[in-house]
Amino acid sequence: METTWTHRLREAGLRVTRPRLSVLDVLSAHPHADADTIVTGARAQHPTLSPQTVYGVLEALVSVGLARRIEPAGAPALFELRVGDNHHHLVCRSCGAVADVDCAVGAAPCLSPSDTAGFVVDEAEVVFWGLCRRCHGQAAEESETVGGAST
Ligand SMILES: [Zn+2]
Ligand SMILES: [Zn+2]
């Protein structure tokens, strides 16, 4: 596993460093993690890592295409290692759970605007919003309101 990442970092033109390997490790265990979760996970392995270092690593990984950043509206940016397949996301409005969903077309842009207005379109950002299985189940089960959940 680690050898693979070593190889992929080199291939991407990045030096192989412990913080980078550590962030990759956390990301492979927690797809769609936000930066804070990744900081916590990376520091569990290397307590001396500063949040700044981890943020820097994330920037570097995204910029070379080893990681992808998704930014659902109203949520912190999330990071994942599944790149290059133009997959989309289902996001739960209630708990923020995120699931991958394959793009039916497979390559960006998978949707064409009815009118490009002269733009050269290279990507359509698709987010499916709704309630995850768990939240939907809860809403159906509990007839009483679950008020005050948002602090
Ligand atoms: Zn949910
Ligand atoms: Zn994803």
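## Talking through the model

Reader: How far apart are the end C-alpha atoms of helix 2 (residues 18-29), and what should the helix span?

Author: Its 12 residues should span 16 Å at 1.5 Å a residue, and the end C-alpha atoms are 17 Å apart, which agrees. The expected span is 1.5 Å times one less than the number of residues, and helices (H or I, at least four residues) and strands (E, at least two) are DSSP runs numbered from the N terminus. Please bear in mind that this is a predicted model, in which local features need pLDDT of at least 70 and side-chain atom pairs count only at pLDDT 80 or more, while totals for chains, interfaces and linings use all residues. As for conventions, residues are numbered from 1 along each chain as its sequence is written, chains are lettered from A and ligands numbered from 1 in the order in which they are written, and side-chain values use heavy atoms, with hydrogens and water left out.

Reader: Which residues in helix 2 are buried?

Author: Those are R20, L21, S22, V23, L24, V26 and L27, where buried means under 20% relative accessible area, exposed over 50% and partly exposed in between, with a 1.4 Å probe and protein chains only.

Reader: What about the zinc ion (ligand 2), which residues are its protein donors?

Author: They are H32 (NE2), E80 (OE), H87 (NE2), H89 (NE2) and D100 (OD), at 1.8 to 2.2 Å from the ion. In sequence the spacing is H-x47-E-x6-H-x1-H-x10-D. E80 counts as buried at 1% relative accessibility, and H87 counts as buried at 0%.

Reader: What stands opposite H89 in strand 5?

Author: D100 does, and strands 4 and 5 run antiparallel, joined by 4 bridges. Two strands pair if DSSP finds at least two bridges between them.

Reader: In what order do the 3 strands of the open sheet come?

Author: The order is 5-4-6, and the pairing is mixed. Strand 5 (98-101) and strand 6 (127-130) stand at the edges with a single partner strand each, so one side of each is left without a neighbour in the sheet.

Reader: How many salt bridges does a search of the whole structure find?

Author: The search finds 6, a salt bridge being a side-chain nitrogen of Lys or Arg within 4 Å of a carboxyl oxygen of Asp or Glu. One of them joins R68 and E80 at 3.8 Å, N to O, linking strand 2 (residues 68-70) with strand 3 (residues 78-80), the two residues being 12 apart. R68 counts as partly exposed at 21% relative accessibility.

Reader: Which residues are linked with R82 in a network of salt bridges?

Author: D85, D100 and D102 are linked with R82 in that network. The side chains of R82 and D85 meet at 2.5 Å, N to O; R82 is partly exposed at 31%, and D85 is partly exposed at 24%.

Reader: Last topic, the backbone: which peptide bond is cis, with omega near -15°?

Author: It is the bond from A108 to P109, and P109 is found in the loop between strand 5 and strand 6. A117, in the loop between strand 5 and strand 6, has a positive phi near 55° without being a glycine, and counts as exposed at 57% relative accessibility.

Reader: Is N86 buried or exposed?

Author: N86 is buried, with a relative accessible area of 14%. N86 lies in the loop between strand 3 and strand 4 and has a positive phi of about 50° although it is not a glycine.

Note on methods
Donors = N, O, S within 2.8 Å, 3.2 Å for Na, K, Ca; no water.
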